[in-house]
Amino acid sequence: KGELRMQSLSFDDAGMYQCIAENTHGIIYANAELKIVASPPTFELNPMKKKILAAKGGRVIIECKPKAAPKPKFLWSKGTELLVNGSRIRIWDDGSLEIINITKLDEGRYTCFAENNRGKANSTGVLEMTEATRITLAPLNVDVTVGENATMQCIASHDPTLDLTFIWSLNGFVIDFEKEHEHYERNVMV
């Protein structure tokens, strides 16, 4: 197939590789450089978020994406407690931490530790719980005669520290109130 496979690469394998294809009509060449990358984990380019918000009873994924070669092993802690996979907590292969059914007890400082054969590094963020957003008055089905107007209501409760935005859609397509202002009107009740 003209394929070259290499396993367990070392720095000595780095360099310019050349493929030569030959038949009775001639010879053609193609070149490629193989670089061997090795670096300890670093969070300089992609630190963890300093503040992570999660809704009460919801789910959060805290990403841990350091630059490292080879791929590092990951450990997580909450404060001084080392975290392990369980019914509500899961550490993904890519290093992300998933927590489900968030409660007030989940708030705190989370640290991701990354380590490979070149070194180790860590990054920390603080998880804060917010009240879940809930629809308290959902739109109702409406029967309207052609040419008449219709009003639909949607009211939601939310954490007072966060902003709330309502987005309306028709058959899965978001309504653009600026472009369709002659047909749709948004009334915001305070």
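Predicted model: local features only at pLDDT ≥ 70, side-chain atom pairs only at ≥ 80, totals over all residues.
Modeller: Welcome! A residue counts as buried when its relative accessible area is under 20%, as exposed when that area is over 50%, and as partly exposed in between.

Biologist: Thanks! Is Tyr-184 buried or partly exposed?

Modeller: Tyr-184 has a relative accessibility of 22%, so Tyr-184 is partly exposed.

Biologist: How should I read a pair of aromatic rings, and how many aromatic pairs are there here?

Modeller: In general, two numbers describe such a pair: the distance of the centres and the angle of the planes. In this structure the count is one aromatic pair. Phe-177 and Tyr-184 form this pair, with 6.5 Å from centre to centre and 75° between the planes.

Biologist: Why is the pair of Phe-177 and Tyr-184 called edge-to-face?

Modeller: Planes over 60 degrees apart count as edge-to-face, so the 75° of Phe-177 and Tyr-184 gives that name.

Biologist: Let's turn to cysteines. What is a disulfide, and which residues does a disulfide join here?

Modeller: The general idea is a covalent bond between the sulfur atoms of two cysteines. This structure holds one disulfide. Cys-64 and Cys-112 are its partners, with an S to S distance of 1.9 Å. The link of Cys-64 and Cys-112 is left-handed, with -75° about the S-S bond.

Biologist: Which parts of the chain does the pair tie together?

Modeller: Cys-64 sits in the loop between β5 and β6, while Cys-112 belongs to strand β11, so the link ties together parts that are 48 residues apart in sequence. Cys-64 is buried at 0% relative accessible area, and Cys-112 is buried at 0% too.

Biologist: And how exposed are Cys-19 and Cys-154?

Modeller: Cys-19 is partly exposed at 41%, and Cys-154 is partly exposed at 21%.

Biologist: What should I look for in the backbone?

Modeller: Most residues other than glycine have a negative phi, and most peptide bonds are trans. Here, the peptide bond from Ala-69 to Pro-70 is cis, with omega near 0°. Pro-70 lies in the loop between β6 and β7.

Biologist: What is the phi of Ser-8, and where is Ser-8 found?

Modeller: Ser-8 has a positive phi of about 50°, although it is not a glycine. Ser-8 is in the segment before β1 and is exposed, with a relative accessible area of 75%.

Biologist: Where is Asn-101, and what is its phi near?

Modeller: Asn-101 is in the loop between β10 and β11. Its phi is near 50°, a positive value in a residue other than glycine. At 44% relative accessibility, Asn-101 is partly exposed.

Note on methods:
Residues numbered from 1 in each chain as written. Heavy atoms only, no water. Phe/Tyr/Trp six-rings, centres within 6.5 Å; stacked < 30°, edge-to-face > 60°. Buried < 20%, exposed > 50% of the residue type's maximum accessible area, 1.4 Å probe, protein only. Disulfide = S-S within 2.5 Å. Helix = DSSP H or I, 4+ residues; strand = E, 2+ residues; numbered from the N terminus.
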